[in-house]
Amino acid sequence: MPSTSTLARPAGPGDTAVAHPPRANRRRRANSLQSARVLWLTVPSLLWFAAFAIGPLAAMFVIATMRWKGLLYEPTYVGAENIGRVLTDPTFHAAVRNSLIQVAVAVPIMIPLAFMLGYHLNTKPRGYRLLSVLYFSPGLISISITGMIFYGVLSPNGGVNGLLRGIGAESWATPWLADPGTALAALIAIDLWRGIGWTAVLFAARLASLPADVIEAAQIDGAGRMRTMWQIAFPMTLDYVRTLTMLQFLWTLFTSAALILLLTKGGPGTSSTTLSYLVYAKAFSQRDLGYSQVVGVALLILGIGGMILIRALLRSSKENTR
């Protein structure tokens with residue numbers, strides 16, 4: 001008869017924990033190992049981001065404390081002197097005013113019109129594919145070609161003044177780009193021409209993903225097109241509207257320099273000078289890198305503040321529609 005000491009004894013809970021680690025522990029250890037491997041794979045992208053995003057951003061703040069004419073000159077540390085020069089410069093004040101006017105006019109006009117055009121495209125009217133191409137085309141035209149087109153259209157003897165003279169409204173004809181009262185408005189109009197169609201196609205793509213039964217139910221209940229568009233479709237895409245609004249805000253604020261350089265060079269006087277153009281003019285035309293980077297910091301602060309404001313306004317709108 002075998003000894004009772006050699007008989008199999010049922011394993012207790014403590015013995016099981018020692019001999020066989022719980023499955024949850026093994027899974028946790030495997031997940032930790034996998035996370036470590038994935039983290040190492042992200043190191044090259046993090047280094048790239050640090051070198052080409054954080055590095056230039058930090059350099060902007062450093063250069064803002066220097067008097068520097070360019071790469072061939074020796075920089076001199078001047079501390080906060082450039083800040084004082086910028087804040088007391090009437091040109092900077094004009095640039096801030098013009099930038100605020102530009103985004104305050106262009107973005108609130110562009111987004112609602114683009115949404116309406118996008119909604120119309122989403123209904124698939126006759127020839128909607130051709131309309132999509134036509135709407136999208138202005139955004140595909142290079143900035144230099146756009147400048148050439150509107151230099152001809154808005155010149156004293158260009159297309160707009162020729163049309164006004166043709167319909168007997170010659171008193172309205174003006175050198176649109178050379179008149180201090182119309183130069184900025186002309187640039188805003190060009191921004192709208194370039195941006196509305198492009199944004200409309202993006203809205204149409206988003207609206208196409210909405211549940212069709214919700215739209216059909218609203219129409220069965222008697223909702224007209226305008227009510228369906230603004231009270232049904234718009235609230236359902238509000239997160240996307242917020243994203244496109246912020247992108248258009250940043251696009252308008254940060255990329256106006258190229259068109260201004262081609263058409264008005266900030267004039268007449270400072271009537272069309274924006275912060276984006278002032279950064280370029282001070283850095284490359286007047287060789288005052290310290291001043292330009294202080295303006296760049298102001299532009300960055302304005303951009304961040306504008307995005308926070310847009311996010312807050314559209315978030316409150318979303319809460320009100322619930």
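Colleague: At what angle do helix α5 and helix α6 pack?
Modeller: In this predicted model, helix α5 covers residues 90-122 and helix α6 covers residues 128-140. Their axes are 10 Å apart. The two helices pack at an angle of about 155 degrees.

Colleague: Are α5 and α6 roughly parallel or roughly antiparallel to each other?
Modeller: Angles over 145 degrees count as roughly antiparallel. The angle for α5 and α6 is about 155 degrees. The pair is therefore roughly antiparallel.

Colleague: Is the crossing of α5 and α6 left-handed or right-handed, and which residues make the contact?
Modeller: The crossing of α5 and α6 is left-handed. On the α6 side the contact is made by Tyr128, Leu131, Ser132 and Tyr135. On the α5 side it is made by Leu117, His120 and Leu121.

Colleague: How many charged residues does the contact of α5 with α6 have?
Modeller: By class, five residues of the contact of α5 with α6 are nonpolar. Two are polar. The number of charged residues is none.

Colleague: Where does Met110 lie, and is Met110 buried or exposed?
Modeller: Met110 is part of helix α5. Buried means under 20% relative accessible area. Met110 has a value of 1%, so Met110 is buried.

Colleague: Which residues does Met110 touch, leaving aside residues up to four places away in sequence?
Modeller: Met110 and Gly197 are 87 residues apart in sequence, but their C-alpha atoms are 9.1 Å apart in space. The residues touched by Met110 are Asp191, Leu192, Gly195, Ile196, Thr199 and Gln248.

Colleague: Which residues of α12 make the contact with α9?
Modeller: α9 passes α12 in a right-handed crossing. From α9, the contact is made by Asp191, Arg194, Gly195, Thr199, Leu202, Phe203 and Arg206. From α12, it is made by Tyr240, Val241, Leu244, Gln248, Trp251 and Thr252.

Colleague: How many charged residues does the contact of α9 with α12 have?
Modeller: Six residues of the contact of α9 with α12 are nonpolar. Four are polar. The charged residues number three.

Colleague: How far apart are the end C-alpha atoms of residues 244-263?
Modeller: An unreviewed UniProt entry lists residues 244-263 under "transmembrane region". In the model the chain over these residues is 90% helix and 0% strand. The end C-alpha atoms of residues 244-263 are 27 Å apart.

Colleague: Which residues of α11 make the contact with α10?
Modeller: The axes of helix α10 (residues 212-220) and α11 come within 11 Å and cross at roughly 160 degrees. The two are therefore roughly antiparallel, and α10 passes α11 in a right-handed crossing. α10 contributes Val214, Ile215, Ala218 and Gln219. α11 contributes Thr228, Ile232 and Met236.

Colleague: Is Thr228 buried or exposed?
Modeller: Thr228 is placed in helix α11, residues 225-236. Not counting residues up to four places away in sequence, Thr228 touches Tyr119, Ile215, Ala218, Gln219, Ala223 and Ala233. With a relative accessible area of 1%, Thr228 is buried.

How values were computed: Residues are numbered from 1 along each chain as its sequence is written. This is a predicted model: local features need pLDDT of at least 70, side-chain atom pairs count only at pLDDT 80 or more; totals for chains, interfaces and linings use all residues. Side-chain values use heavy atoms; hydrogens and water are left out. A crossing is left-handed if the near helix is turned anticlockwise from the far one by less than a right angle, and right-handed if clockwise. Helices (H or I, at least four residues) and strands (E, at least two) are DSSP runs, numbered from the N terminus. Contact means heavy atoms within 4.5 Å. Ala, Val, Leu, Ile, Met, Phe, Trp, Tyr, Cys and Pro count as nonpolar, Asp, Glu, Lys and Arg as charged, and the others, Gly among them, as polar. UniProt positions are given in the numbering used here, feature names are shortened, and annotations may be inferred rather than shown by experiment. Buried means under 20% relative accessible area, exposed over 50%, partly exposed in between (1.4 Å probe, protein chains only). Axes are lines fitted to C-alpha atoms, for helices over the stretch in contact, and angles run from 0 to 180 degrees between N-to-C directions. Angles under 35 degrees count as roughly parallel, over 145 as roughly antiparallel, 65 to 115 as roughly perpendicular and the rest as oblique.
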